[in-house]
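The exercises below concern one protein chain. Each has a task and a solution in steps.

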Amino acid sequence: MQALGLYQPGDSVLHRLPAGVKLLVLLVLGAGSFLLDRAWQGGAAVAAALVLYAVAGLGPRLVWSQVKPLVLLLLVLGTFHALVNGVDRALLVTSSILALVLLAGLVTLTTRTSAVVDVVVRVAGPVRRPLRTVGLDPERIGLLVALSIRAVPVVAGLAVEVRDAQRARGLESDPRAFAVPLIIRSIRHADAVGEALVARGLED
């Protein structure tokens, strides 16, 4: 597993689209998801996201890599909503979350980390001086945003691996058998990222 970056090289229209546009569209779609009120709308959003993966030339393996860490969460969430709010609401909630995760993954898969950093630096440009006054570096904030986007699927993937190991050892009911390994592996990943940053000249 690479410590930095999920980017999949390509020459699709989504790869060529400016990072700022993709992040802005993702932000708008995330806000717009609250307007959905029918299960079919959530299903249509998932279908649209899958079409975009095909447009970007990203195959089923990469689609599954975005979905797999969420399967357990979606099952639990869907069951809860089905019991409390009905099946339609359960389908709407789970499909909306799935669509947004797929779209967020699509952005990270088609956008270089450096491009995300550049966007954040440009957005922070007008307030660069005040930020530096209080000790904040726009470039480092941009890197933090990029690493945060990267960390979500990584930690989710680690959670799936730990859960599988927990089941294999017959310790499914022991929360410590899940939490402790997940924390340790997350810290190890953070150390690997830190070493990668040091290797790139970012030491603090």
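**Exercise 1: A residue and its contacts**

Task: find which residues Thr 110 is in contact with, leaving aside its neighbours within four places in sequence, and decide whether Thr 110 is buried or exposed.

Solution. Step 1: beyond those sequence neighbours, Thr 110 is in contact (heavy atoms within 4.5 Å) with Tyr 7, Leu 14, His 15, Lys 22, Ala 56 and Leu 58. The model is predicted: local features need pLDDT of at least 70 and side-chain atom pairs count only at pLDDT 80 or more, while totals for chains, interfaces and linings use all residues. Residues are numbered from 1 along each chain as its sequence is written, and side-chain values use heavy atoms, with hydrogens and water left out.

Step 1: Thr 110 lies in helix H6, residues 87-110. Helices are DSSP runs of H or I with at least four residues, strands are runs of E with at least two, and both are numbered from the N terminus.

Step 2: Thr 110 has 2% relative accessibility, so Thr 110 counts as buried. The cut-offs are under 20% relative accessible area for buried, over 50% for exposed, and partly exposed in between, with a 1.4 Å probe and protein chains only.

**Exercise 2: The nonpolar cores**

Solution. Step 1: a nonpolar core is a set of buried Ala, Val, Leu, Ile, Met, Phe, Trp, Tyr and Cys residues joined through side-chain atoms within 4.5 Å. The largest has 18 residues, and Tyr 53, Leu 58, Leu 98, Leu 102, Leu 106 and Leu 109 touch the most other members.

Step 1: H6 gives the most, with 6 residues.

Step 2: another core, of 8 residues, lies apart from this one and includes Val 116, Leu 143, Val 193 and Leu 197.

Step 3: return to Leu 102. Not counting residues up to four places away in sequence, Leu 102 touches Val 46, Ala 49, Leu 50, Tyr 53, Val 63, Gln 66 and Val 67.

**Exercise 3: The record and the whole chain**

Step 1: residues 20-36 are 76% helix and 0% strand, with end C-alpha atoms 25 Å apart. Residues 43-64 are 82% helix and 0% strand, with end C-alpha atoms 17 Å apart.

Step 2: the protein chain has 10 helices and 0 strands, and 34% of its 204 residues count as buried.
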